[in-house]
Amino acid sequence: MKNEELQEIASQLKHPTEEKGIEMGNMMNETNINMTRHSIQNLNISNENRILELGHGNAGHVEFLFEQAEKLKYYGLEMSELMFQEARQINRNFVSQKQAFFSVYDGNTIPFEDGLFDKIFTVNTIYFWHKPEELLLEIYRVLKQNGNFCLTFAEESFMKTLPFTQFEFELYSTEKALKLIEKTSFKIVYTESQTEKIKSKTGELVDRAFTTIVLEK
């Protein structure tokens with residue numbers, strides 16, 4: 001692939017737009033679903049929890065989240081207007097029942113009050129954080145005392161094998177992510193790394209190493 005094509009893939013992964021963006025949203029939901037479900041399960045969601053997700057993509061996984069407990073409220077933040085619209089459409093029943101709320105944000109400032117959320121999670125967004133330390137502080141701010149934040153991402157060792165990650169991506173190993181977290185007041189509950197098989201762009205199965213870090217305020 002030419003550099004321009006690789007750059008286009010990287011750009012769409014960061015900020016899906018137009019027709020290609022809808023395809024990208026579907027593909028991301030499919031390839032990330034195991035990581036996303038793993039994150040949701042690691043949050044130990046309880047009845048009436050208020051949950052925030054950063055960078056939800058098309059949010060095809062929200063139904064699974066609502067299966068975890070009763071009377072949940074889900075809030076999704078997304079930088080892509082297209083993914084915001086797609087998520088609202090896919091989850092229109094939850095939106096109309098005032099169980100799911102979607103908003104567009106700038107990727108830096110979380111537009112909610114202090115201590116609003118019981119649980120927060122994000123999957124495969126850390127590569128695109130413009131100011132990682134500041135965003136972590138924002139996540140800390142909007143989380144309740146003793147609330148949990150689950151950060152899940154594919155390991156640098158895997159990500160650097162993908163040719164498009166040379167553009168727009170800041171890759172993370174577990175060690176690098178933990179160093180970033182140490183700059184905040186978060187307590188590390190536990191860290192888990194595992195490998196899964198996913199379908200590559202060319203259709204064959206490849207091993208993807210990913211890490212989940214569970215934090216507490």
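This is a predicted model: local features need pLDDT of at least 70, side-chain atom pairs count only at pLDDT 80 or more; totals for chains, interfaces and linings use all residues.
Let me start with the record. The UniProt annotation "domain: Methyltransferase type", from an unreviewed entry, covers residues 52-150. Over residues 52-150, the chain is 31% helix and 29% strand. The end C-alpha atoms of that stretch are 11 Å apart.

Now strand β1, residues 50-54. Four of its five residues are buried, so β1 is largely enclosed by the rest of the structure. What does it pair with? On β2, five bridges, running parallel. On β4, four bridges, again in the parallel sense. Glu53 stands opposite Gly76 in β2. Glu53 also stands opposite Phe121 in β4.

Next, the aromatics. How many aromatic pairs does a search of the whole structure find? It finds 11. I'll pick one: Tyr75 and Phe112. Their ring centres are 5.6 Å apart and their planes sit at 80°; over 60 counts as edge-to-face, so this pair is edge-to-face. Where are the two residues? Tyr75 is in strand β2, residues 73-78. Phe112 is in the loop between β3 (100-104) and β4 (117-123). The pair therefore ties together parts that are 37 residues apart in sequence. Tyr75 and Phe112 are both buried.

The charged end of Arg37 sits over the ring of Phe64, 4.8 Å from the ring centre. The charged end of Lys217 sits over the ring of Tyr140, at 4.9 Å from the centre.

Last stop, helix α8, residues 174-181. Which of its residues are buried? Thr174, Ala177, Leu178, Leu180 and Ile181. Look down the axis of α8. Those buried residues fall within an arc of 155°, so they line one face of the helix. And the face turned away from the buried side? That face carries the exposed residues Glu175 and Lys179.

To recap. β1 pairs in parallel with β2 and with β4.

Methods: Residues are numbered from 1 along each chain as its sequence is written. Side-chain values use heavy atoms; hydrogens and water are left out. Rings of Phe, Tyr and Trp (its six-membered ring) pair if their centres lie within 6.5 Å; planes under 30 degrees apart count as stacked, over 60 as edge-to-face and the rest as tilted. Helices (H or I, at least four residues) and strands (E, at least two) are DSSP runs, numbered from the N terminus. Buried means under 20% relative accessible area, exposed over 50%, partly exposed in between (1.4 Å probe, protein chains only). A charge sits over a ring if NZ of Lys or CZ of Arg is within 6 Å of the ring centre and within 35 degrees of the ring normal. UniProt positions are given in the numbering used here, feature names are shortened, and annotations may be inferred rather than shown by experiment. The arc is that of the directions from the helix axis to the C-beta atoms. Two strands pair if DSSP finds at least two bridges between them.
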